[in-house]
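These are my notebook entries on one structure. I looked up selected residues, then the core and the pocket.

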Amino acid sequence: MSLELPTPIAAYVAANARLDADGMLKPFAADAVLLDNGAVFQGRAEIRSLLEEAVVAAKAIFTPDTLRYEDGQVVVEGPARGDFKGSPIRFTYRFTLENDAIKALEIAA
């Protein structure tokens, strides 16, 4: 099953499949906010650090299998597999898009 992801989300997911930190960062707005497991990452520099340390280093690849629109957000769910405890873990990604960029992303297991 292929999901029709909005362009910035599709770009993020495709770059994640390649473990490409630059590619994952590209669709984020310059002032984007990422909330991961209660921690807040503001702006591209902090988000890049998180992607390099928590995603690329752990070879964590997210494979979305559901998509819905809820309260102005694009909600994407699916498993992430990689070199981390409990792999695979099912995650929910809540994207807020603005001007064809990711303005906010909340990640929860």
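**Entry 1: Leu5**

Where is the place of Leu5? I found Leu5 in the segment before α1. Before going on, I noted that this is a predicted model, in which local features need pLDDT of at least 70 and side-chain atom pairs count only at pLDDT 80 or more, while totals for chains, interfaces and linings use all residues. Residues are numbered from 1 along each chain as its sequence is written, and side-chain values use heavy atoms, with hydrogens and water left out.

For the element names I recorded that helices (H or I, at least four residues) and strands (E, at least two) are DSSP runs, numbered from the N terminus.

The cut-offs are under 20% relative accessible area for buried, over 50% for exposed, and in between for partly exposed (1.4 Å probe, protein chains only). Leaving out residues up to four places away in sequence, I listed Ala10, Val13, Pro64, Leu67 and Val76 as the residues that Leu5 touches; contact means heavy atoms within 4.5 Å.

**Entry 2: Asn16**

I turned to helix α1, where Asn16 is found. Asn16 counts as buried because its relative accessibility is 2%. What lies 2.9 Å from a polar atom of the side chain of Asn16? I found the backbone oxygen of Ala60 there. Apart from neighbours within four places in sequence, Asn16 is in contact with Met24, Val55, Ala60, Ile61 and Phe62.

**Entry 3: two positive phi values**

I looked up Leu19 in the loop between α1 and α2. Phi of Leu19 is near 55°, which is positive in a residue other than glycine. Leu19 is partly exposed, with a relative accessible area of 24%.

Asn37 lies in the loop between β1 and β2 (39-42). Its phi is near 55°, a positive value in a residue other than glycine. Asn37 counts as exposed, at 72% relative accessibility.

**Entry 4: the loop between β5 and β6**

Phe84 has its place in this loop, and Pro88 lies in the loop between β5 and β6. What kind of peptide bond joins Ser87 and Pro88? I recorded a cis bond, with omega about -5°.

Phe84 counts as partly exposed because its relative accessibility is 22%. Leaving aside neighbours within four places in sequence, Phe84 is in contact with Ala58, Ala60 and Ile89. Phe84 and Leu97 are 13 residues apart in sequence, and I noted 29 Å between their C-alpha atoms.

Thr92 is in strand β6. Thr92 is buried, since its relative accessible area is 19%. Its side chain and that of Glu77 are joined by a polar contact of 3.1 Å. A polar contact is a pair of N or O atoms within 3.5 Å; within protein, one must be able to donate a hydrogen and the other to accept it, and residues adjacent in sequence count only if both atoms are side-chain atoms. Not counting residues up to four places away in sequence, Thr92 touches Val75, Val76, Glu77, Glu106, Ile107 and Ala108.

For Tyr93, again without residues up to four places away in sequence, I listed Tyr12, Phe62, Val74, Val75, Val76, Leu105, Glu106 and Ile107.

**Entry 5: the core**

How many residues has the largest nonpolar core? I found 30 residues, and those with the most contacts inside it are Tyr12, Phe28, Leu34, Ile47, Tyr93, Phe95 and Leu105. Two or more residues each come from α1, α2 (21-25), β1, α3, β5 (73-81), β6 and β7. A nonpolar core is a set of buried Ala, Val, Leu, Ile, Met, Phe, Trp, Tyr and Cys residues joined through side-chain atoms within 4.5 Å. As background, nonpolar side chains tend to be buried together in soluble globular proteins.

The largest pocket has a volume of about 360 Å³. Of the 20 residues that line this pocket, the closest to its centre are Asp36, Ala54, Phe91, Tyr93 and Ile107. On a 1 Å grid over the protein atoms alone, a pocket is an open set of points where a 1.4 Å probe fits, with protein on both sides within 12 Å along at least five of seven lines; lining residues have an atom within 4 Å of a point. Grid points are joined across faces, edges and corners, and a volume is the space filled by probe spheres set on the points.

Which element gives the most to the lining of the largest pocket? I found α3, with 4 residues.
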